[in-house]
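Here is a briefing on one structure.

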Amino acid sequence: MSSGRFRRIALALPNAVEGSHHGKADFRVGKRVFATLGYPDDKWGMVKLTPQQQTMLVDAEPDMFQPVPGAWGKNGSTNVLLAKADQVTLRSALAMAWRNVAPKSLLALHDTPKR
C-alpha cells in the first residue's frame with residue numbers, strides 16, 4: 001500500500017478533505033480528523049478508532065496495526081504499517097475511523113437505505 005492509495009481511499013469517503021496537522025497530511029470530515037499520513041514516519045498512517053475497534057484490528061492483523069504510543073493510543077489512535085496494508089482492510093479501517101468522527105447529520109444521510 002502506498003501513501004497515495006491511503007490518501008485516495010480516505011478522500012473517497014463522503015465529505016472527506018485533506019488538511020495538515022504538525023506538517024503531516026490529515027483527513028477530516030467536518031472539522032474532525034479521522035486519519036493521518038506520515039506518523040511516526042513515512043512508512044505509517046494512523047486511523048482514529050475506538051479502543052474496542054483498535055483491539056479488534058490489532059488482534060486480527062498485528063503486522064499491519066499497532067496502537068499509537070502513549071495516551072493517544074490508549075484512546076484508540078492506531079498506526080497502520082502501509083507496506084503490510086491491503087486495500088480491503090485499510091478501506092474498512094478508514095471507514096470505521098470516518099464514522100467515529102462524522103457529524104450525525106452526515107451519518108444519517110449515508111445510513112438511509114437506498115431505494
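In helix α2, Q53, Q54 and L57 are buried, where buried means under 20% relative accessible area, exposed over 50%, and partly exposed in between (1.4 Å probe, protein chains only). Seen down the axis of α2, these buried residues fall within an arc of 100°, so they line one face of the helix. The arc is that of the directions from the helix axis to the C-beta atoms. The model is predicted: local features need pLDDT of at least 70, side-chain atom pairs count only at pLDDT 80 or more, and totals for chains, interfaces and linings use all residues. Residues are numbered from 1 along each chain as its sequence is written, and side-chain values use heavy atoms, with hydrogens and water left out.

**Helix α2**

- Helices (H or I, at least four residues) and strands (E, at least two) are DSSP runs, numbered from the N terminus.
- The buried residues of α2 pack against β5, α3 (71-74), β6 and α4.
- Q52 and D59 are exposed, on the face of α2 turned away from its buried side.
- An α-helix has 3.6 residues a turn, so residues three or four places apart point the same way.

**The sheet**

- Six strands form an open sheet in the order β1-β2-β3-β4-β6-β5, with antiparallel pairing.
- Its edge strands are β1 (16-21) and β5, each pairing on one side only.
- Neighbouring strands are turned by 30° against each other on average, direction ignored.
- Helix α2 (residues 51-60) packs on this sheet and touches β5 and β6; its direction makes about 135° with that of β5.
- Axes are lines fitted to C-alpha atoms, for helices over the stretch in contact; angles run from 0 to 180 degrees between N-to-C directions.
- Two strands pair if DSSP finds at least two bridges between them.

**Strand β6**

- Five of the five residues of β6 (residues 77-81) are buried, so the strand is largely enclosed by the rest of the structure.
- Both of its faces are covered: S77, N79 and L81 are buried on one side, T78 and V80 on the other.
- In a regular strand the side chains alternate between the two faces of the sheet.
- Five bridges join β6 to the antiparallel strand β4 (residues 44-48).
- Across that pairing, V47 stands opposite T78, and G45 stands opposite V80.
- β5 (residues 65-67) pairs with β6 over three bridges, also in the antiparallel sense.
- Here Q66 stands opposite N79, and P67 has T78 as its bridge partner.

**T78, a residue of β6**

- T78 lies in strand β6 and counts as buried, at 0% relative accessibility.
- Its side chain makes a polar contact of 3.1 Å with that of Q54.
- A polar contact is a pair of N or O atoms within 3.5 Å; within protein, one must be able to donate a hydrogen and the other to accept it, and residues adjacent in sequence count only if both atoms are side-chain atoms.
- Leaving aside neighbours within four places in sequence, T78 is in contact (heavy atoms within 4.5 Å) with residues including M46, L49, Q54, V58, F65 and V68.

**Strands β3 and β4**

- β4 is mostly covered, with four of its five residues buried.
- Three bridges pair β3 with β4 in the antiparallel sense.
- The bridge partner of L37 in β4 is G45.
- Six residues lie between the strands of the β3 and β4 hairpin, where G38 takes a positive phi near 90°.

**Helix α4**

- α4 (residues 87-101) lies across β2 (24-29), β3 (32-37), β4, β5 and β6, and runs at about 150° to β3.
- Its buried residues are T89, L90, A93, L94, M96, A97, W98 and V101.
- At 1.5 Å a residue, the 15 residues of α4 should span 21 Å; its end C-alpha atoms are 21 Å apart, which agrees.
- The expected span of a helix is 1.5 Å times one less than its number of residues.
- At the start of α4, a side-chain oxygen of D86 reaches to within 3.2 Å of the backbone nitrogen of V88.

- S20 is exposed, with a relative accessible area of 52%.
- Not counting residues up to four places away in sequence, S20 touches D26 and R28.
- S20 and V33 are 13 residues apart in sequence and 9.8 Å apart in space, C-alpha to C-alpha.
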